[in-house]
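Please view the sequence and the model together while reading.

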Amino acid sequence: MKFYIPPQITRLALAFAIFITLFLVLRHFLVPKTFGEYGHYRGASLIDNAQPEIHYAGQQACFKCHQDIEDKKAQDVHSEIHCETCHGPGEKHVVLSKTEKILKPAGREFCGSCHVINAGKQKSMINQIDLNKHNIGKNCIECHNPHQPWEMKK
Amino acid sequence: MSQSTSTMGNEKINTSRRKFLKTAVTLAGATIGYTWLKSSQILLFAAKPKDENLPWYGLVIDIQKCIGCGNCAKACKNENDVPIEPFFFRTWVEQYTVKNDGSVNIVSPNGGINGFEQTVPTEDIFKSFFVPKMCNHCSKSPCTQVCPVGATFESPEGVVLIDEKYCIGCRYCVQACPYGCRFIHPVKKVANKCTLCYHRLKKGLEPACMETCPTGARMYGNLRDKNSDLVKFLKEHTTLVLRPHLNTGSKLYYNGLSSEVR
């Protein structure tokens, strides 16, 4: 018995074959090379995500030059606070120390961002100051050395 | 008489054998099914790292240590080039104040970036505390599951990242995150979120928020290393994750988390 395939089925099969081939060719060119390397994503984006420049250098970079501050800071309550917490991002200053100066914040508002009294703060964590009562009109650094807060200036 | 007894006896044996076979097949089927479900993590969920040689990052935030200074939020914006305004945050701080009448007041002025002013008079306060929020780096994250193009994923180190070149900015992930930790970057116009400062981790540096936290309220570490500071902390403290009922496999553990926190 001869196996008969109707012409419309042959045409349909041909159309399917063309469609699938086209799909595979397009897919080959459109899907990025590293897609699926580790999972359902572009493997190369792990490298992309590791690329951006850093802005905060980390305090070990600071201590390479500012050994004196490290020693000073170690003696008082601010010892655990990293330099860039107050001084801001310092990577530029690390690379170009002559031209790029680091931020030297001062003023009651700045110190107050940590030390202002607030019921949400644990009393054991931080000394809290009522800015409306404590030596009004004076700048904090007139009395306190920020690197060594209890080494009072005369 | 004797014949009928023996027939009854035979029937008894047959029924019990059928029962036994039924039970055995059911039990075997259930065991096989359970094993299959468990391996595909549908029934029970346990976070497991994929690559044995890489660290598997987790985080701890100690609520009792947070003083709400907002240095983390500020540093995060500086480090990751997120504009100060409009107010989108990769990490931010909220102040929860439970009043004596039982109502809860939650504030986060500019994400806490400039610190907090006490809004409720001290005599009305039952208790008050700060809660820093950030990406929970879930190991079964809802946000990565909904991405239609595979532009967001969990890295082999357990950090949830975004492929900015591949993201089409459809906002599905922004909606899917139950913690509200994603946004559309106002300049790049693609999804953005905490990367646990992946670029810093790769250079051997701490994430910017942890570098600048004055009280050490934030901590990250390798969950695979049983001797790491993080695992030690988790052993010694009772920690909770946010919205555990959503089964997101969050790897951000809060110490001292109060039930008012959402």
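The model is predicted: local features need pLDDT of at least 70, side-chain atom pairs count only at pLDDT 80 or more, and totals for chains, interfaces and linings use all residues. Residues are numbered from 1 along each chain as its sequence is written, chains are lettered from A and ligands numbered from 1 in the order in which they are written, and side-chain values use heavy atoms, with hydrogens and water left out.

**Chain A: fold and extent**

- Chain A contains seven helices and zero strands, where helices (H or I, at least four residues) and strands (E, at least two) are DSSP runs numbered from the N terminus.
- The radius of gyration of chain A is 32 Å, whereas a compact globule of 154 residues would have one near 15 Å; this radius is taken over C-alpha atoms, and the globule rule is 2.2 Å times the number of residues to the power 0.38.
- The C-alpha trace of chain A spans about 115 × 40 × 25 Å along its principal axes.

- Of the 154 residues in chain A, 25% are buried, meaning under 20% relative accessible area (1.4 Å probe, protein chains only).
- Among contacts (heavy atoms within 4.5 Å) in chain A between residues at least 6 apart in sequence, 42% join residues at least 24 apart.

**Cysteines of chain B**

- A disulfide is counted when two cysteine sulfur atoms lie within 2.5 Å, and the count over all chains is zero.
- The sulfur of Cys76(B) has its closest cysteine sulfur in Cys197(B), 6.2 Å away, which is too far for a bond.
- Cys177(B) is likewise in no disulfide, with the sulfur of Cys181(B) nearest at 4.4 Å.
- Cys76(B) counts as buried because its relative accessibility is 9%, and Cys177(B) counts as buried at 13%.

**Helix H2 of chain B**

- Helix H2 of chain B (residues 71-80) is mostly covered, with eight of its ten residues buried.
- Among the buried residues of H2(B) are Cys72(B), Cys76(B), Lys77(B) and Glu79(B).
- In chain A, the buried residues of H2(B) pack against helix H5 (83-87) and helix H7 (108-115).
- In chain B, their partners are strand E2 (91-99), helix H5 (198-201), helix H6 (208-212) and strand E9 (218-222).
- Asp81(B) follows H2(B) and has a positive phi, near 55°.

Terms used: Buried means under 20% relative accessible area, exposed over 50%, partly exposed in between (1.4 Å probe, protein chains only).
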